[in-house]
Amino acid sequence: MPRLLACVLFLAGVASLLPTARAVTALAPGEVWRDTDGRPINAHGGGILFHEGVYYWYGEFKEGRTYLPKVNKAWGGTRVLAGGVSVYSSRDLVTWKNEGLALPSVPENPDHDLAPENVIERPKVIYNARTKKFVLWFHQDSPNYQAARSGVAVSDTPVGPFKYVGSFRPNAGVRPLNATDADLAAAPGNFLARDLEGGQMARDMTLFVDDDGTAYQFYASESNQTMHVSQLSEDYLRPAGKYARIFVGRSIEAPAVFKRNGRYYLIGSGCTGWDPNPAHAAVADSIFGPWREIGNPCRGEGAEITFGAQSTFVLPVAGRPDLFLAMFDRWNKWNLEDSRYVWLPIEFDAAQNPIIRWQPRWSFPE
Ligand code: GAL
């Protein structure tokens, strides 16, 4: 064989052994998902905003050692220092570019709401067409999860950096739309009455913008026993002072809300910390309720524990009238940074109830 040909064949052989950059086209729930730099995507408990042709995925940036804090003995959960809110961008929901931290934590000030020892969870961003601002809400908490507050930040661009506005307990001094006098009678364990003046507890949360531009916050309140749906002000920066109690005493958290054919749907979980439990689905004709529970929407292997995961968001996919993407977190409670993402499409049965089937690998339809 001529020497030149041998050399070319040898080089071709070597080249075929090198890894080639293959475009990702399928989603494999629960596997490590990498960004365009090849690094594992770090955006937990998050949500997606679609803006001008681009999807922005915001989530909890969890980096470093998972530990069992002494201060949390009563609560018993593991945690990781809060790194802030990360943001990734994509045009196809499969290829994600790291856009850095939309809202970094504040390590230099232990008294700051955003200090890493505190909790920054379940960030969600919505766009206010009136003010042209991107508004970020999240669960802000103290290291032992007893503050139970909502944090708000704002930005002129989707990737930030967002400017921190502050945190509060929502709806201080405001009576829920659907509370009776008996609901508000002071009694041991009545957190609604206890917190009426100072503001209601707010932990797991999501945001939802209705067709008319009115935005709502759903938050697990009353020590996670009851959820509140709370209208936001026109600038989306605070509660408007109108809220209802839903799933009273049902201990549903991790809310994800969407609207289809004029009806509102909610997917949530039970309250078992990082451990998975059966999902809850519910439907309503009015956002303030009544909400009707319709059971666990999951089907297939692992459905009874939500495929080992917990709801965080439902995205109506742009330009696909009936395609809704259900997003879940599969928490790794001993290595929270390595928690994985479980995203699956939602089907609807004959009664128009949502069904989410386990699939180890799937692609968006062409
Ligand atoms: C879960 C909640 C998570 C996180 C976790 C801490 O109940 O859904 O967002 O707060 O508890 O243990």
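Where in the chain is the place of Glu222? Glu222 sits in the loop between strand E11 (215-221) and strand E12 (226-232), where strands (E, at least two residues) and helices (H or I, at least four) are DSSP runs numbered from the N terminus. This is a predicted model, so local features need pLDDT of at least 70 and side-chain atom pairs count only at pLDDT 80 or more, while totals for chains, interfaces and linings use all residues. Residues are numbered from 1 along each chain as its sequence is written, and side-chain values use heavy atoms, with hydrogens and water left out.

Glu222 has a positive phi of about 50 degrees although it is not a glycine. Glu222 is also buried, with a relative accessible area of 4%; buried means under 20% relative accessible area, exposed means over 50%, and partly exposed is in between (1.4 Å probe, protein chains only). Arg122, not a glycine either, has a positive phi of about 55 degrees. Arg122 is found in strand E6 (residues 119-128) and is buried, with a relative accessible area of 4%. Most residues other than glycine have a negative phi, and most peptide bonds are trans. With that in mind, two peptide bonds deserve a look. The one from Gly160 to Pro161 is cis, with omega near 5 degrees, and Pro161 lies in the loop between strand E8 (149-155) and E9. The bond from Gly289 to Pro290 is cis, with omega near 5 degrees, and Pro290 belongs to the loop between strand E16 (280-284) and strand E17 (292-295).

Now for the overall picture. Taken along the principal axes, the C-alpha atoms fill a box of roughly 95 × 55 × 40 Å. Of the 366 residues, 54% count as buried. The protein exposes about 16,600 Å², and carbon and sulfur atoms supply 54% of that area; accessible areas come from the Shrake-Rupley method with a 1.4 Å probe, and for residues only the protein chains shown count as cover. Among contacts (heavy atoms within 4.5 Å) with a separation of 6 or more, residues 24 or more positions apart account for 51%.

Next come the rings. A search of the whole structure finds 25 aromatic pairs. Rings of Phe, Tyr and Trp (its six-membered ring) pair if their centres lie within 6.5 Å; planes under 30 degrees apart count as stacked, over 60 as edge-to-face and the rest as tilted. Phe50 and Tyr55 form a tilted pair, 4.6 Å centre to centre with 45 degrees between the planes. Phe50 counts as partly exposed at 37% relative accessibility, whereas Tyr55 counts as buried at 4%. The rings of Tyr127 and Phe134 have their centres 4.7 Å apart and their planes at 40 degrees, so this pair is tilted. Tyr127 is partly exposed, with a relative accessible area of 24%, while Phe134 is buried, at 2%. Ring pairs also link Trp33, Trp57, Tyr88, Trp96, Tyr341 and Trp343 into a cluster.

Tyr265 makes a handy case study. Its place is in strand E15 (residues 263-269), and Tyr265 counts as buried at 1% relative accessibility. Leaving aside neighbours within four places in sequence, Tyr265 is in contact with several residues, including Arg260, Trp291, Phe348 and Gln352. The backbone oxygen of Gln352 lies 2.8 Å from a polar atom of the Tyr265 side chain.

Finally, Asn190 is in the loop between strand E9 (163-168) and helix H2 (191-194). Asn190 is buried, with a relative accessible area of 17%. Not counting residues up to four places away in sequence, Asn190 touches Ala182, Asp183, Leu184 and Ala185.

Technical notes. A polar contact is a pair of N or O atoms within 3.5 Å; within protein, one must be able to donate a hydrogen and the other to accept it, and residues adjacent in sequence count only if both atoms are side-chain atoms.
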